[in-house]
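Hi,

Here is the structure I promised to pass on. My notes on it follow below, and I hope they are handy.

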Amino acid sequence: MSKNPPLPSVTADYAQRVTDDLSANRSEQERVRAELARLQEELVRLEESEQVLTKMQEVLGTTPKQTTKKGKGGKTAAVPAARRSNGKTAAGKAATGKASKKAASPKKPGELTWLELANAYLTGQSEPKSAAEVSSALAEAHPERAVQVAVVRNALEQGVAQGLLVRSKQGRSVFYNPVVAVSAQSGS
């Protein structure tokens, strides 16, 4: 009989420890989920900043070669340079120079900016469009200009920042609408 009383107390102790461990595990999961959500939001902000900075870099006329010198060991500096050079290696200075000049001068004097072109296109549409759809339409309408989806997306984001366009998300997809069309639809 002396062996039976310790068993329930040991079982109760283990049950309490398991309950405590389970509670600690669940609270740790919640903490990690909150941290993950915060990090995902921070990543989205950083990616948007990268897009804006890349657009500014293109407007300022800096070449991909200068970008890779500054961040020689970093991943982020090398990727945009590779995209702008259309996948070609930087073996020849002439090829790199051509690609960077093309990206550095997106419009000739007197031509409309990508934002103006995108806004004009979206104003004529009855429903929101994605950056890819806008890029495709602008490529058809302006075959003389090299249309890049990333540049058009940056222009659309710039339009959102200036209050000219409205961004809406459906799942992972992002669509853009001019402010005029949105206010007209809400007034109907």
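Helices (H or I, at least four residues) and strands (E, at least two) are DSSP runs, numbered from the N terminus. This is a predicted model, in which local features need pLDDT of at least 70 and side-chain atom pairs count only at pLDDT 80 or more, while totals for chains, interfaces and linings use all residues. Residues are numbered from 1 along each chain as its sequence is written, and side-chain values use heavy atoms, leaving out hydrogens and water.

The chain has 8 helices and 2 strands, in the order α-α-α-α-α-α-α-β-β-α. Of its 188 residues, 22% are buried (under 20% relative accessible area, with a 1.4 Å probe and protein chains only).

Have a look at Lys129, in the loop between α5 (114-123) and α6. Lys129 counts as buried because its relative accessibility is 13%. Leaving aside residues up to four places away in sequence, Lys129 touches Tyr121, Leu122, Val134, Val174, Phe175 and Tyr176 (contact means heavy atoms within 4.5 Å).

Val134 also belongs to the meeting of α6 and α7, where Ala131, Ala132, Val134, Ser135 and Leu138 face Val149, Val152, Arg153 and Leu156.

Best wishes

Notes
Buried means under 20% relative accessible area, exposed over 50%, partly exposed in between (1.4 Å probe, protein chains only).
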